[in-house]
Amino acid sequence: MRTQVCIIGGGPAGLFLAHVLHAAGIESIVIERQTKNHVLSRIRAGVLEAGTVDLLRQYGLAGRMDRDGMPKDGTRIFWEGKEDFWIDVIRWTGKRMMVWGQTQITEDLYAARERDGGEMIFEVENVALHDLDGAPSVTFERHGESQRIDCDFIAGCDGFHGPSRKAIPAEIRREYERVYPFGWLGIMVEKPPMKEIAYAYHSEGFAMASRRNPMLSRYYVQVPSTDKVEDWSDDRFWEALHRRLPEHAHGEIETGPSIEKSIAPLRSFVAEPMRWGKLFLAGDAAHIVPQTGAKGLNLAFSDVFYLSRALITHFRENSDRYLDSYSQMALRRVWAAENISWRMTKLLHVFPGEDPFDQKIRQNDFDLLAGSEDIQRAFAYEYIGLPFED
């Protein structure tokens with residue numbers, strides 16, 4: 001097979017890149033290790049930055065979001081022994097975020113790809129990348145048959161465990177990682193969510209109330225990384241959540257049997273560079289953020305913004321100025337997202353082995369945030385999502 005851009009990975013990053021390139025008249029083939037149904041079964045958060053919302057609207061993918069999504073004007077913080085605190089994103093930035101699930105975005109992207117007749121190949125195995133500094137190609141097996149795609153460029157959108165990042169020579173690739181000694185135990189329940197997404201700090205650990213739609217709630221509590229899902233009955237979860245949220249908020253929580261329960265580990269990870277020869281990384285293939293900052297999906301879309309612009313400029317104008325600056329520009333935004341996600345994680349979680357000094361510093365960080373409009377404005381500016389660079 002032959003195409004202009006071979007996209008490895010059929011998740012949101014790969015599908016959105018294919019969609020934007022198609023709109024510009026650039027051919028691509030998407031290959032994916034899993035089945036389509038498996039990709040769509042992944043339950044992921046969907047708190048969208050203002051820039052991501054604008055991109056979905058710009059490329060005709062916002063119909064259901066604008067109809068069924070839940071606007072997010074700020075963030076509520078509960079703090080043990082303190083009054084509730086509200087980060088007013090609208091006040092400080094004039095912009096609005098949106099709660100809209102990654103599953104729904106992926107559904108819309110698949111529908112658009114199928115409508116446009118774009119080629120997708122599922123259930124591929126043994127994917128390998130070749131000749132990245134010359135005439136690149138991708139080989140793989142599907143149902144026991146070997147296949148090959150020749151292309152001008154390869155977009156590695158295949159997640160943390162995919163082969164794309166590892167195709168960059170080890171002596172060139174630099175990786176930065178912090179693995180956190182706890183995870184988030186999350187449950188899904190078919191009950192109306194709290195009126196606002198809320199973070200909570202408690203001496204027992206972090207908790208969070210999130211939402212998927214008007215009849216689907218998602219709640220989290222911090223647990224040790226050694227815990228297993230089977231250690232936590234629904235009753236134990238609800239008891240822990242109620243202890244970590246203030247009593248006046250309990251009336252907003254509608255409990256019920258969980259329809260999904262899982263433990264998500266927390267990790268900060270960045271790989272540099274995000275380009276090697278004709279290979280370009282995007283999304284989780286290049287970076288992971290702890291879920292606290294709600295940046296993962298948004299970073300994937302910002303990567304696609306920079307990469308699609310670079311590829312379009314190459315094919316339309318025969319100019320590589322954006323291809324040559326892709327890694328540098330994308331990484332500036334990546335590290336900004338890593339920064340706020342790390343600071344929010346440090347602020348809201350209890351770390352094993354911390355001493356009273358650590359606790360006092362955390363308390364002072366919160367007091368500064370709650371007491372300073374300048375700090376609130378700066379936090380809202382980062383939380384809403386940094387603007388895309390020209």
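Colleague: Which order do the strands of the open sheet of 3 strands have?

Modeller: Quick note before we look: this is a predicted model, where local features need pLDDT of at least 70, side-chain atom pairs count only at pLDDT 80 or more, and totals for chains, interfaces and linings use all residues. Residues are numbered from 1 along each chain as its sequence is written, and side-chain values use heavy atoms, with hydrogens and water left out. Strands here are DSSP runs of E with at least two residues, helices are runs of H or I with at least four, and both are numbered from the N terminus. Two strands pair if DSSP finds at least two bridges between them, and in this sheet the pairing is antiparallel, in the order β9-β10-β11.

Colleague: Which are the edge strands?

Modeller: Look for strands that pair on one side only. Those are β9 (124-130) and β11 (145-150).

Colleague: How many bridges join β9 to β10?

Modeller: β10 covers residues 137-142 and runs antiparallel to β9. The number of bridges joining β9 to β10 is 5.

Colleague: How many disulfides does the structure hold?

Modeller: A disulfide is a covalent bond between the sulfur atoms of two cysteines. Here the test is a pair of cysteine sulfur atoms within 2.5 Å. For Cys 6 the nearest cysteine sulfur, that of Cys 151, is 5.2 Å away, and for Cys 157 the nearest, that of Cys 6, is 10.0 Å away. The count of disulfides is 0.

Colleague: Is Cys 6 buried or exposed?

Modeller: Buried means under 20% relative accessible area, exposed over 50%, and partly exposed in between (1.4 Å probe, protein chains only). The relative accessible area of Cys 6 is 0%, so Cys 6 is buried.

Colleague: And Glu 83, buried or exposed?

Modeller: Glu 83 sits in the loop between β5 (74-79) and β6 (85-88). Its relative accessible area is 71%, so Glu 83 is exposed.
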